[in-house]
Amino acid sequence: MSSIDRARSGPQDHMSRRWSARMRDRAATAGFLVLLVAFIGLVLVPGYRLANQLSADTAALKLASEQRGQPVAIAKSLLAVRDRLGSRAFVGQAVKDLGDAVQGFEQSLAQLKPSAAGNSAELREIEGLWADYRKVLDPVAGFEGLPYRESDAVGTQLSSRGRQLQKDTRQAINASREATDHLNSALSAVGTGLEQQVVTASATLRKLMITGVAFACLLLTLLAYFQWLKARHERLAVEARNQTRDILGTVRDGLFLIDADFRIGKTHSAALSALFRRDDFSGMTLEELLRDTVSEKTLATTTKYVQLLWGERANEKLIRSINPLAEVEVHFDRGDGSRDLRYLEFDFHRVKGEHGVRHVLVSVNDVTSRVLLARELKESQAKSQAQMDMLLGLLQVDPEHLLAFLDDTSAALAQINSVLRVPARGDGDFRSKIDEIFREMHRIKGDAATLGLASVETRTHAFEDLLQDLRNRPQLSGNDFLPLVVSLDEILGHLQSIRELASRAEDLRANALLNAAPRVPPATRSVDAGTHDIAPPLDALAQRIAADAGKKVRLVTAGLDEVPGDIRKTLRDVAIQLVRNAVVHGIEDAGTRRGLDKNEIGLLQLQFKSSEQKLELVFQDDGCGIVPERLREAAVRRGDLSPDAAEQLDTKASLALIFKPGFSTHDGNGRDAGRGVGLDFVLKAVNAIGGKISIATAPGKYTRFSIVLPVHCAEQGAVA
Amino acid sequence: MARNAPFLTPQLKLLIVDDSNVIRRRIERSQQIEQLQVVGVASNGAEAIEVFRQTDPDVVTMDITMPEMDGIECVEQLVAMKPQVLILIVSALADKATAVEAMAKGANGFLNKPFSDRQLNEALAELIGGA
């Protein structure tokens, strides 16, 4: 648990650092906003108001100073009215001037009212004075019409209205003496008050301006800080981007992210392009990427597997072993029609965010060399195992049989080698070479099978395949034989390793027997060595071939002990081929035999009889017999005979077909199936020691081979 | 930490479901994870459901191929009964599709047979610690 905690503490620290950095940024932004609001609320708005006030006050001050002359002007207008009345002159203009002056003063007062002076005691005093003053001024200023009356007797006289005007004027003049002074001094006081206010407001404004400048400086500093922060983030982002690009460009894994829809992200490592032989992955889904390279089933399993990662239940580490793409075989078109086989390894990792899984990171590796290496290792292990098996197998083989086999086979291979070296002139020469080699190889195969040396049997069978291939070619040349030389060399090498293993096996056996009962020392090797008792190996061969073919057989032998030493090897080789031939071609499988009311175990009988006149080896099986018609058909099919020629053959001639090189009624090419070489070999071997073969057969019942040899045939020598 | 863990942490109850006696015994014997205590064994899915009801385990090791009811169906039922249960599939990986299917039914992890004692212990530790 603790290790898990430790492992988790890293990301948490990292997350808390990121969290505090984000908080710092947020605090700075909030501070900036608070400052801005404060700047607006404490500096800009009051400043604006103050400026407005100042401008109103200034206007009022100007007004007040202008009005200082008004009371005097009113008084002068009154005097002008009085003088005009006295001289009976025209008063209309003077009255109008008075009216204008009164009106002007009235308006100025109204304008002063809303200004800063509006509430001052001085203005209220002016208003009081003015109201009283107006009462006496209004009758004069509101006068209309003519104040005079014309008469011839006394000339121009004041009319009654004129007298009233004169009276009102005099009254007004009396009032003006006091009012003018009072008004003037009150106006002065108003002006002084306004002046005072303007001065104070200006001072306040100045302070505000200084505060504003300070605020602005602070804001500018903050702005500069933000700008720096932004630039720094950008620089870091660019740096990080460059580093990411470098990593993605260099890393050998194919890396990419997929989202919940399995869509491949915009960024991926450069190696991915090389792995999948394409550059553009944008908009692709994982399925589209894999569709042509893996099987439908694997694709479906992969989809489900990745869905597990998006879910919360499955433990990422504990499902890695069931990753369906842990090692996947993919094929790529090379472009020239051929396909390139690679092995890719996919790995999937959850990428978690604050709200669960955000992506799945997919990494892809080309593990072709690793896979091939593992395979090679496995093969070499299998080879070692096979060698060990072979060693154990060799322990089962009678050492004398084995040595005899190795010597015979080496000699036979030398013979084949010399046949290969003899120059050939034409197609016929080549084909007779092939036949000869085939016979030798087939005999080796039979011997190997008899001794249970499967590795040799397999190799000789492969060699026969090569020969069969040559036989089927219409034209042959010397170069066609080169693969044979290579294969022959390989068989020779293999025999050598068997020889070494055999000697080790012999050591093992010797050690194992040290404490065992004393054993008759092995007889000195002689020409007839390895042919002492040929019945057990023959039976083993019959059983093995039968088991391979799904058949059951029993071999009964008689008189084999009496075979003279000089022909034992030949007769053993002949018997091997006859047994093989009988089990493969003659004996029916158990089911067929039951159906035919035969014992399901096929009976093979091998008997050797000797008399004064002759030696006879009889081999008989109770199988299906030989049908001459089938042989003729096979000969026609193989092209050995024309249909017409086949028709001409009687039973005896038809039966003789089975001794033709390469003849077989079987088309298969299993290890034991018809190469058509066995009986060809038998005939040649028997002829070589001066013997004769006869066949007797009853279809469905039996086939019997009788080999008759003259009593003294050994001088003619055995076939090589 | 391992020695006194039982006194510090509550033990988790383990149910072993496998039709092989050998595997059952191996898990019982070799599990050295002290937070786990075997409370039951079952040899098939139906039996597992029964034992699960009786013992209410926290952790289950589960084979896939078993008679009566196979592991996949069993996983589905166990998760339905107790969503927070931790299930480790312990099975031979013949077919990855089947294994992935079992995981999709709600299992938490997969341990491939054959396994070593170390692999088993690591898987169990990861299961209860890293779930």
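**Helix packing, cysteines and a buried glutamate**

Helix H3 of chain A passes helix H4 of chain A in a left-handed crossing, a term for a near helix turned anticlockwise from the far one by less than a right angle. The contact draws on Val95(A), Leu98(A), Gly99(A), Val102(A), Phe105(A), Glu106(A), Leu109(A) and Leu112(A) from H3(A), and on Leu123(A), Ile126(A), Trp130(A), Arg134(A), Leu137(A), Val140(A) and Ala141(A) from H4(A), with contact meaning heavy atoms within 4.5 Å. By class, these residues comprise twelve nonpolar, one polar and two charged (Ala, Val, Leu, Ile, Met, Phe, Trp, Tyr, Cys and Pro count as nonpolar, Asp, Glu, Lys and Arg as charged, and the others, Gly among them, as polar).

The model is predicted, with local features needing pLDDT of at least 70 and side-chain atom pairs pLDDT 80 or more, while totals for chains, interfaces and linings use all residues. Residues are numbered from 1 along each chain as its sequence is written, chains are lettered from A and ligands numbered from 1 in the order in which they are written, and side-chain values use heavy atoms, leaving out hydrogens and water.

H3(A) spans residues 92-112 and H4(A) residues 121-141, and the two pack at an angle of about 155° with their axes 11 Å apart. Axes here are lines fitted to C-alpha atoms, for helices over the stretch in contact, and angles run from 0 to 180 degrees between N-to-C directions. The pair is therefore roughly antiparallel (angles over 145 degrees; under 35 is roughly parallel, 65 to 115 roughly perpendicular and the rest oblique).

Turning to chain B, six helices and five strands are present (DSSP runs of H or I with at least four residues, and of E with at least two, numbered from the N terminus). Along the sequence they follow the pattern α-β-α-β-α-β-α-β-α-β-α. Of the 131 residues in chain B, 50% are buried (under 20% relative accessible area, with exposed over 50% and partly exposed in between, for a 1.4 Å probe and protein chains only).

What of the cysteines? A search of the whole structure finds zero disulfides over all chains (cysteine sulfur atoms within 2.5 Å). Cys74(B) counts as buried at 0% relative accessibility, and Cys624(A) as partly exposed at 28%.

Finally, Glu616(A) lies in strand E10 (residues 614-621) of chain A and counts as buried at 15% relative accessibility. Leaving aside residues up to four places away in sequence, Glu616(A) touches Gln607(A), Phe608(A), Lys609(A), Ser706(A), Ile707(A) and Val708(A). Leu709(A), 93 residues away in sequence, has its C-alpha 6.2 Å from that of Glu616(A).
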